[in-house]
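Student: I would like to learn how to read side-chain features from a structure. Please take me through one example.

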Amino acid sequence: DGNSACLELGIKASNSSTPTKLIVFEANPQRHHLIVCTLCSCYPMALLGLSPDWYKSREYRSRAVREPRELLAEFGTVLSGDQAITVHDS
């Protein structure tokens with residue numbers, strides 16, 4: 001439970017404008033997870049601070065779905081060809 005884990009660490013994981021339910025995904029050598037909001041670029045500000053401008057762009061949100069491996073590589077996250085990527089739409 002992501003919310004409980006944040007509470008244990010003293011991190012406020014709620015959003016003042018909407019209920020927040022954090023879900024935790026385990027990254028491992030076989031699978032990498034990418035979270036993106038394709039609709040409105042919602043973002044857990046209470047947990048991560050202000051979202052960067054690029055996160056809100058339509059180009060970033062659509063490329064995260066269409067070509068996640070290439071997009072991640074542009075940010076310096078180069079994954080092996082046999083590591084699967086799961087894109088989660090928040």
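Student: Is Tyr-60 buried or exposed, and what relative accessibility does it have?

Tutor: Buried means under 20% relative accessible area, exposed means over 50%, and partly exposed is in between (1.4 Å probe, protein chains only). Tyr-60 has 10% relative accessibility and so counts as buried. Note that this is a predicted model, in which local features need pLDDT of at least 70 and side-chain atom pairs count only at pLDDT 80 or more, while totals for chains, interfaces and linings use all residues. Residues are numbered from 1 along each chain as its sequence is written, and side-chain values use heavy atoms, with hydrogens and water left out.

Student: How is a pair of aromatic rings described?

Tutor: A pair of aromatic rings is described by the distance of the centres and the angle of the planes. Rings of Phe, Tyr and Trp (its six-membered ring) pair if their centres lie within 6.5 Å; planes under 30 degrees apart count as stacked, over 60 as edge-to-face and the rest as tilted. That rule gives five aromatic pairs here. In one of them, Trp-54 and Tyr-55 have ring centres 6.2 Å apart and planes at 70 degrees, so the pair is edge-to-face. The rings of Trp-54 and Tyr-60 are also edge-to-face, because their planes stand at 65 degrees, with the centres 4.9 Å apart. Ring pairs join Trp-54, Tyr-55, Tyr-60 and Phe-75 into a cluster.

Student: Which residues of H4 are buried, and what do they pack against?

Tutor: Helices (H or I, at least four residues) and strands (E, at least two) are DSSP runs, numbered from the N terminus. In H4, the buried residues are Tyr-60, Arg-61, Arg-63 and Ala-64. The buried residues of H4 pack against strand S1 (31-36), helix H3 (53-56), H5 and strand S2 (84-89), where contact means heavy atoms within 4.5 Å.

Student: How many salt bridges does a search of the whole structure find?

Tutor: A salt bridge is a side-chain nitrogen of Lys or Arg within 4 Å of a carboxyl oxygen of Asp or Glu. The search finds two. In one, Arg-63 meets Glu-74 at 2.7 Å, N to O. Arg-63 lies in helix H4 (residues 58-66) and Glu-74 in helix H5 (residues 68-74), so this pair ties together parts that are 11 residues apart in sequence. Arg-63 also forms a salt bridge with Glu-67, where the closest N and O atoms are 2.5 Å apart. Through shared partners, salt bridges join Arg-63, Glu-67 and Glu-74 into one network.

Student: What are the relative accessible areas of Arg-63 and Glu-67?

Tutor: Arg-63 is buried, at 11%, and Glu-67 is partly exposed, at 26%. Glu-74, at 54% relative accessibility, counts as exposed.

Student: How many disulfides are found?

Tutor: A disulfide is a pair of cysteine sulfur atoms within 2.5 Å. The search of the whole structure finds zero. Cys-6 counts as buried at 10% relative accessibility, and Cys-37 is buried with a relative accessible area of 3%.
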